[in-house]
Amino acid sequence: MAKKDIYKEYQDKLPEKLLEKAKEKSQDLNQKQTKEMLEKTLKEYEQRKIEPGEAAGGIAAQAIGERATQMTLKTFHVAGLSEGVSVVQGLPRVEELVETRKNPKREVCMIKPKKEFETNREKVEEIRAKIEETKAKDIAEIEEDFAEEKIIIKPDQEKMKELNLEPKEIAEKIKKKIRRTPEEVKKDKIIFKPNSSSLKSLRRYVEKTEKTRVKGVEEIERATLVEKETEEGETRYEIHTDGTNMEEILEIEEVDSKRTYSNSVPETYKVLGIEATREILYRELVKVTEEYGINKRHLLLIADALTRKGRPTPIGRHGLSGEKSSVLARAAFEEQVKHLLKAAQKGEKDPLKGIAENIIVGNPIPMGTGTVDLKIDLEQQKK
Amino acid sequence: MSAVRIVVPDIYDDAGYPIEGGLMDLKMGVVNPGLRCKTCGGRKDTCPGHFGHIELVRPVIHVGYNKKIYDLLRTTCSECGKITLKEEDVKEIEKGPEKGVYQFRKIRNKAKKKNKCPHCEAEQKEIKLVKPTTYKENGQILRPTEIREKLERIPEEHLEPLNISKKNRPEWMIMTVLPVPPATTRPSITLESGDRSEDDLTHKLIDLLRINQRLADNLSTGAPQPIIEDLWDLLQYHVTTFINNSTTGIPAAKHRSGKSLQTLFERLKGKEGRIKGNLTGKRVNFSGRSVISPDPSISIGEVGIPKQMAEELTVPMKVTEKNLEKAKEYIEREEHPKANYIRKPTGEKIKVTELNKEELIEQIEPGYEIERQLKDNDPVVFNRQPSLHRLSIMTHRAKIMPGKTIRINDGIALPYNADFDGDEMNIHIPQTTEAQVEADNLLEVKENLLSPKDGEILAGHQDYITGLAIMTRENTTFTKKQTLRLLKKAEINRLPGDEDKEEYTGREIINELIPESITLEEKSNLSEENVKIENGEIKQGTLDENTFGPGGSLTRQILDEEGKAEAQKFIDQMGIITVEAIMMKGHTISMENYELSKETVKKQEKVLEQKQEEAKKDIEKYRKGELESYPGKTEKETLEAKIREKMAEVDGELRDLIYEEQNIEDHSIIMTKSGARGSWQNLVQMSSALGQSAVEGKRLDKGYKGRILPHQEKDTLAPQDKGFIPNSFIDGLTPLQLFQNSMDGRDSQIDTALNTQDSGYLYKRISNALLDLKVVQDRSVRNAENEIIQFKYGGDQIHPQNTRGEVGIDLDKIKRKVQNQ
């Protein structure tokens, strides 16, 4: 038997990664030794397998929960000064993730330019400037003329040049925002006359004008150019942003949509779907719990449980715990009476398949040694 | 369902016998001993109780469903009872992704906007709910009777979209009959004085019945409408408070003492309610609790039980022909492991006393059961709260001891997170054979040496590591006498290597404990060279936390090679030997350990000054606006970050200086470096400088505008003004420094206080969400509904407990074995 065939034999028996490693290590062994090595590896692998009945969820929760007591509340932590952005860490971040919260505290996006631009600093800087959100008030002085009921916008020439902006573009953007046509567009002056009924409403128009986005992607408050050194000693550039807007960022041509990454769970779900959400949850959980030494399998299980329903489901009473099929299990968690009333209204049945229900009725729990069941074929008995 | 109709608002007659048709009617079950239930014929212990009912003269609203009724009224037509949406619209929503409540909400939100019924063209009026139980239609009050009529009109096929089971009818949410809970759920208590005291529910029912009666009387005599309405409202109030006495908007029904009554909702709700307090959490017998104290002379698999406790706690023993004599002996005995009770096959339980002893011995035969006192080697389930992971509950073998505290080996305190400053722990004695076997095979300490979290060993810490480090240093020797004593403690009755010498090194002694199969190399914090063990012999290096203790590689390898029992034995032996060795060599710290030489002090002062100087330069630059900011940071942020970086560097440099000067012989250094106790930060703070104090992760910034205290200059940014403390605890602090240090201290106290709460709640939620997930026969992970969460557990089916890091299979080792064959 050739070595190849030996490996093939173990293909379904051993995990891919382990087999790969074994292949590598057995390069210099003869066939018999290879076979024996794989056999021994398989034996050890079988010994290390998880046993049926193991409370996988329970130990995963304990792994995180026990560690959580040791986590600090230090909310913002600078993730290395050169990274440019800071992210929420520790316990608050874990909470944010497992609650799949709609508006995470600090959303961050790691944008990678397409491979051909990666080493070109100027080009990346150009992309950066494209992404960073610039508001009208950042590049121009905006005044109101109460006597004439006018809004006067005086663009800062230097900044305009820096951002490669034309007064026309600005006027166009503001026009869209406040739905008024400009009266006058000059290089150093743009004038709007919004026909406002009162001074108060004029003021409101001014505020709207100030907030108009003249350049960049919405929600991206800040984009920072970050240098990354590869193992080969090459300098590559990427962009880290405060705030994310993947929908628009991925539209930008120079951005490598395959490698760009947002740490926001709801956004990833919206833009990339549930599989990506699972991956994000897993990666982010690994990131926050890195220093606490929790085995990754626990975190993977949590990510899988949170995304099983095809949408990110938070933990807690509005999520996984509140959507359990058993009335008793739901009542045992929070809002006891509510669940009992609802169950009556819907005429619910409880099949007693979970843990909490069985504890309530005083049965052994269907887990570990309790998974074993004895069934009698009554028909057979009668014969 | 009802066993009896209740009409009399009273309980007992003059003779103290329950009145028929009263609230303690014997048809609803018995609470008094001696009486028999009229429904099932059972006695106090056997009758489960039976419901009765009260026929309400006028219908009333069930408070629990007030919102649902409101929703139904708004969603359905007030004339024909159909949902005020076209059939197609309902169908379309039903096809959507929302299910259950969410689907209903969608239908409701759409339907309530319609002011015309598409089915019967009837005009829809505006319905309002005045909490808790009044409904208004166009401002006019709707009586429960009217609402009931409306709900009756809802056709059966419309119930499903309304999120109501077809088995139910919506009008049942308006009650015409009130179920009366069985007498057994509201037992009356007879006080010592002979007075009866009734349950809150009974009190409430009496009031309710009285009003119901009065309303009936008034109706039959044809009383004026306003009086009827008032009484009807009152009946509604009583029914409402009978169900939920904490309904917002109405005053709670009270005892004469002013205490609120506990009615149905309150009974179920909350931590001490029926569900959480009695069903998911129960009080148990055969358990004990006491203060714990350490005892290195017992095994980590044992627990010392005070004799007093052991005499009280019992283990059942079924009497068979084989153990009949033994059973008799237990009854006969006058001292500790004796029988406390015997149980006849009939279930009758008799206490064993001096007087009936002889008689019982005569009587006893196979089929009887005796409850004998706990004795040595019985499995005991041991627990410390908070039970954060499964290692918080493990089985130990009992060892009966004098004294009143529970004793455990310090080496196993870590998984329990226990210390001995007054901690208390609980013991439970498994009673059934199944429980005993499971406790023994699954929960035993030796089965739980590996943490399921990451596969680390959580045994042996602190003094054990110190002792081990002292023993395995170069040049640690013990006399022959000492060596014999040490090894004797570990139950080894020979000299190291069977050599007769005058002196033995510590390593030689430890070698006796390490199995021959062990070959390993591990880094050491204490010695320059790595620890090298070959075939169970320490060749070089000082053993420390990397080798032994939590996560130690030596213990782990022994477990892998020799099995769990050997590993436990190894920890036991290490424990007693190291502790004994510490006592022989002596180990203590004093102020001297922390006083530095003049040269070092000078060097350190230089470091402190230099770093502060650098910081000041940055501040100057910042003031002049010359500071180059970090990408994405403002200048101020950059300055703060820069200073913080510098101040953090100070600690490291001071540490290195201390390490340079301090002798490895210093006891405090041994503890710190070996990882037994204390960190280098502690050392630096005591000997050199406290360093930067911080509040909310930033340099101190609270207090007055631009300064912390009015004694400082305004708008100061200098390190010392912003909480940098260059003094050590030995130097002492200036008043300002003390204040700054206290700010830091307060901040971290608040931090921990909030953190424990948050993390506790987080844990509770995560664990409740994942509780039902288990690995099934095909090693996929499924939930209670048998839905698949993962096809292969963790992707590779490997238990985290059996890994170290990624996979945990050492291919190199396997290769070596194959090659050597």
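**Chains A and B up close**

**View 1. Where the two chains meet.** The contact draws 76 residues from chain B and 86 residues from chain A. Keep in mind that this is a predicted model. On the side of chain B that touches chain A, the elements that each supply at least two residues are α7 (264–268), α8 (274–279), α23 (735–770), β27 (774–775), β29 (788–790) and α24 (811–820).

**View 2. α23(B) at the contact.** Which helix gives the largest share of the side of chain B that touches chain A? That's α23(B), with 14 residues. Sorted by class, this side of chain B comes out at 32 nonpolar, 24 polar and 20 charged residues.

View 3. Take the C-alpha atoms of chain B along the principal axes, and they fill a box of roughly 110 × 100 × 65 Å. The radius of gyration of chain B is 38 Å, while a compact globule of 821 residues would be near 28 Å.

**View 4. Inside the fold of chain B.** How much of chain B counts as buried? The figure is 39% of its 821 residues. As for contacts in chain B between residues at least 6 apart in sequence, 66% of them link residues at least 24 apart.

How values were computed
Residues are numbered from 1 along each chain as its sequence is written. Chains are lettered from A and ligands numbered from 1 in the order in which they are written. This is a predicted model: local features need pLDDT of at least 70, side-chain atom pairs count only at pLDDT 80 or more; totals for chains, interfaces and linings use all residues. Two residues are in contact if their C-beta atoms, placed from the backbone, lie within 7 Å. Helices (H or I, at least four residues) and strands (E, at least two) are DSSP runs, numbered from the N terminus. Ala, Val, Leu, Ile, Met, Phe, Trp, Tyr, Cys and Pro count as nonpolar, Asp, Glu, Lys and Arg as charged, and the others, Gly among them, as polar. The radius of gyration is taken over C-alpha atoms; the globule rule is 2.2 Å times the number of residues to the power 0.38. A residue is buried if 20 or more other C-beta atoms lie within 10 Å of its own, exposed if 12 or fewer, and partly exposed in between; C-beta atoms are placed from the backbone.
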